[in-house]
Amino acid sequence: MIQNAWLIPVFPLIAFVVLLLFGRVLREKAAYVGITALALSFIFAVAVLFERIGGETYTFVVDWITFGESTVTMGYEVTPLNAMMLIVVTLVSLVVHIFSRDYMHEDDRIHVFYSYLGLFSFSMLGLVLAPNILQLFIFWELVGLCSFLLVGFWYYKPEAASAAKKAFLTTRVGDVGLLIGIVLLFNATGSFEYADAFAAVEAGLISDTMVTVIALCIFLGAVGKSAQFPLHVWLPDAMEGPTPVSALIHAATMVAAGVYLVGVMYPFFLASDTALTIVAYVGAITAIFAATIALVNHDIKRILAYSTISQLGFMMLALGTAGYVAGLFHLMTHAFFKALLFLGAGSVIYGVHHRQDIREMGGLWRRMKVTSVTFLIGALAIAGIFPLAGFWSKEEIFASVLANGDPFLFAIALITAFMTAFYMFRLFFKAFTGEFRGDHEPHENNGFMTLPLIVLGILAVVAGFVNAPFTGHALEGFLTEGIAVGEQAHGGFGLAVVSLLIAIGGIFLAWVIYGKRSISEDFLPGKFRAAHRLLMNKYFMDELYTVVFVRPCVGIGKALYAIDRFIVDGIVNLLAVVTRSVGSGLGKRQTGQFQTYGVVTIIGGIAVVALAFMLRGYFG
Amino acid sequence: MSAYNANWSLMTPEIVLMILALVIFTLDFMTGMSRNKPFLGRLSILSLLATTVLVAVFNRETGQIGDMFVVDGFAMVLKIVILLGVAGVIAISMYYVDRHRDVYQGEYYSLLLFATLGAMLMVSSADLITLFVGLELLSISAYCLAGFKKYNGKSTEAAIKYVVLGGTASAFILYGMSFVYGLTGTTSLVDINEAVPTLFADYPYIMTMAIMFMIAGFGFKISVVPFHMWAPDVYEGAPTPVTSFLSVVSKIAGFGIVLRVFFVGFESVYDEWAFIFALLAAITMIVGNMIAIVQRKVKRLMAFSGVAQAGYLLVPVATMVSLDMTMSMITFYAVAYLLMTLGAFAIITLVTEDTEDDALTSFSGLYQRAPYLAIAMTIFLLSLAGLPITAGFFGKFYIFVGAIQAEMLWLAVIMIFTSIVSFFYYFGIMKQMFMRDPKPNDDQTLSVPKPVSAVVTISLVGTIGFGLLANVLTNYFNNLQWFF
């Protein structure tokens, strides 16, 4: 079965082609084409995973391009890491396909939507299976393109169109770093293969500075894709896309590709302490930065988007503090519960007739039972409540940061965890409890939308067990097999209690303010007016970028263009003027007076001789 | 060697093309003034294809005619690129002249063929005089073509600007060449190459001046900054198929002589001029991409995009590690550039003609009006911007790797950053196609004439094919003997 792993991305590709050709005929039935393809992919992914657990890494490559003396291959590879990723991607993609059948059924272009989803799933699975970094880069760009198409799916909304463009261009900045890193790596090792890069580092063939530079360039790519500070600005805007897309691309899979990239290149990062420290700090800053914005936002999807940024920061923090397994474990658990939360949000938005402002919700608990219960499970999981998935992975991250010994990072991690619990339950209490504040009576949705919620809800409960102490950290054993990623830290009972208390503290504070309402909602914002304004405006990052990058670019373009016009029209007009005046000037000279001709001839002759002498160098 | 015992068979393709061009010219006389003459277009395409076959047959072996005319790998590949490019241009033109009765058909096609002949001569010459004759044959035909819509003010203005500025550029080239001739006493590039190292030691200023003059003149022909300013006006005013000719064929042929002159004639003093090209490449990429952002008309946008593309093509000239690699990079990118630009221009011609408007908004709702064209255009634009899995991506990547290997990191970084800027304006067109509704008074579906759709399809297949299987070309290029 593992030899047939290449079929996993091919099924969605077939779905894409079929829908491209027959989409207009199939219309709403397009959903079933997509669902079937992804179901097959999922079955294959499960089979491949089981075979991989007992077996070995499988690689299949053929020669692709010859570059001077080195040959670039293409093919596919099944390692423990990507076997896990295959499950995550196919499963989330499958449930999103199922969910979208009803969520999108009012849309005339539902077949187009499903064809884009198919193309995205193909690209993302291709990215995961890539055996070398150049092939990864190609799929990396393709998922970016799919993200562009899907964010801009409702293109008639101006916000959606500009969000799509912003998402693409911002991540491009990171991609440039990645491309430079790839080429520097190629220059240093003469190969794009992961194994060759690791071998070269181990043998000390690359200077330490170069290792750091390459690692940081690659990390820049991850910063763009995984929406890390300061390139995070695109992700909240990307919420203009349909909600299932947010669940699939902007929560579970594509944005995690940056984390995956760092994971794949991990032995390389381990060789450079500087690079690891930067990864850790960028992750930590992103985690707390995004969490603070999520504290005050009112849009259900944007809160989740900032939460995603923050959690991705957590994963980077783990990777930066040598917590290889912790970071990737959190990637997996987060994929399930964040997809759950987004689909839950989608179900809510659909239920309340396309409202997204949590101030216009409330009291959904009694009206949308399945959605509410599963959403609560997701919220508890992300807050890190025992024994849900988030608890285990977050605790691993704490352990890794603590073992790293930087108290500043540890403090940030704890504060962020507190904020996470707080903003998630702020959202939960405001949207699901109290009185309904909207104008259309909400209703629960049917099976196609609730089934995915139930599946993901179960996973949000049990997914953490795969790396819990009582299963003997099974995932760790699987992921670290055969690669040198160093000793993985584990927390003890004490750390588990601390992390649990922090989560409960956050939830309690949210309950006091938004559930029980003992403290007014406006109390804290009123107390810290400037800080609240800063957070409401997302630290003015968008405005800053407009002033620093966008306007100067357009300004320089306009200025250069003006100079261009001035010179070219200037030359042509000057020629016209000169020709005309010389013409009329010469006309005056032709006065019929022989003397004048003579003078002109002599002056002309002297000029020619002088010019000749000058060029010969006699005067110079 | 005299004219009698030279190996004239090397020139077979050129001679045949000239005869065919004259035949078409004569046929035009014989068939009256004002008739629509589609057969002339078909005949021209056939002539070009026949010549391509002859090139492939007769130019496989290297050879020369008295140091004046050489046939080598470089000449053969560029000739094929040029001939196929012109065939594409003619296919687009057939649609265009059908709609414009003021474009007189016979002269139009024969002028294009004569221009092609000039371009073939350019890339095959090893002598400054032959080279200049080829260049002028191309340029003068192109001046006429730019002003072919006689009764249209913009077209006439374009032609006048092109003639005046093009003439100035030719003067610069000749002036530079005259210095070289004065110092070396020869016009043969091979002899010049032997003589220049000592001359550079003895007369550094005059030699530098001569090189600068030639770079300025050639820079005009390939539209690199700061000699690019004619391009937007001429591109906008000229009939759209002629614009595609200027931006594809004329530019590739221009690069042909730059490479021939500098890599054959001045190769021995590479270090003296490489840096000038590096600077030109840098400002060309920056200025071209920056100005393109603020363009609102599609042909002007393509003009600046073409300027930026010329900048990318100059990067390998300035970052040579080995001659074979450099030539392989440039030629690969030239092929990619031909495919994506020609495909894009086929669609631009169709759309701007159909809507009778050359603003970017003429593309609005193209996806609804003609989905195939919109998808094809997207792929051409993505290729121009350098996104996988297109030939444009691979070409840029190849050049980028070369620049890093030559340790010109600053140039590589400029290249990659300006290419992000380029996404900005290419997206402008994509946004119109996919994210706007068609204008109310345009037809709901756009019918695509066969020749145009053939050009689009072939370009599309090539753009994706060489992106996926770049190996086919690079392997061939790696085994080619570039210069005689």
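Analyst: Let us begin with accessibility: a residue is buried at under 20% relative accessible area, exposed at over 50%, and partly exposed in between (1.4 Å probe, protein chains only). This is a predicted model, in which local features need pLDDT of at least 70 and side-chain atom pairs count only at pLDDT 80 or more, while totals for chains, interfaces and linings use all residues. Residues are numbered from 1 along each chain as its sequence is written, chains are lettered from A and ligands numbered from 1 in the order in which they are written, and side-chain values use heavy atoms, with hydrogens and water left out.

User: Is B:Glu356 buried or exposed?
Analyst: B:Glu356 is exposed, as its relative accessible area is 67%. Its phi is positive, about 50 degrees, although the residue is not a glycine.

User: Where in chain B is B:Glu356 found?
Analyst: B:Glu356 lies in the loop between helix H13 (323-355) and helix H14 (366-369) of chain B. Helices here are DSSP runs (H or I, at least four residues), numbered from the N terminus.

User: What about A:Ala322, and its phi?
Analyst: A:Ala322 is not a glycine either, and has a positive phi near 70 degrees. The residue sits in the loop between helix H14 (300-320) and helix H15 (324-351) of chain A. With 30% relative accessibility, A:Ala322 counts as partly exposed.

User: Now to peptide bonds. Which residue does a cis bond join to B:Pro388?
Analyst: That residue is B:Ile389, and omega is about -5 degrees. B:Ile389 is in the loop between helix H15 (371-385) and helix H16 (391-405) of chain B. In chain A, the bond from A:Phe229 to A:Pro230 is cis, with omega near 0 degrees. A:Pro230 belongs to the loop between helix H8 (208-225) and helix H9 (234-237).

User: How many residues are in contact between the chains?
Analyst: Contact (heavy atoms within 4.5 Å) involves 54 residues of chain B and 45 residues of chain A.

User: And what area is buried there?
Analyst: About 4,700 Å² is buried between the two chains, with 77% given by carbon and sulfur atoms. Buried area is the accessible area (1.4 Å probe) that two parts lose on being put together, summed over both.

User: Which helix of chain B gives the largest share of the side that touches chain A?
Analyst: Helix H17 (residues 409-435) does, with 13 residues.

User: How many salt bridges are counted between the chains?
Analyst: The count is zero, a salt bridge being a side-chain nitrogen of Lys or Arg within 4 Å of a carboxyl oxygen of Asp or Glu.

Definitions and conventions
Helix = DSSP H or I, 4+ residues; strand = E, 2+ residues; numbered from the N terminus.
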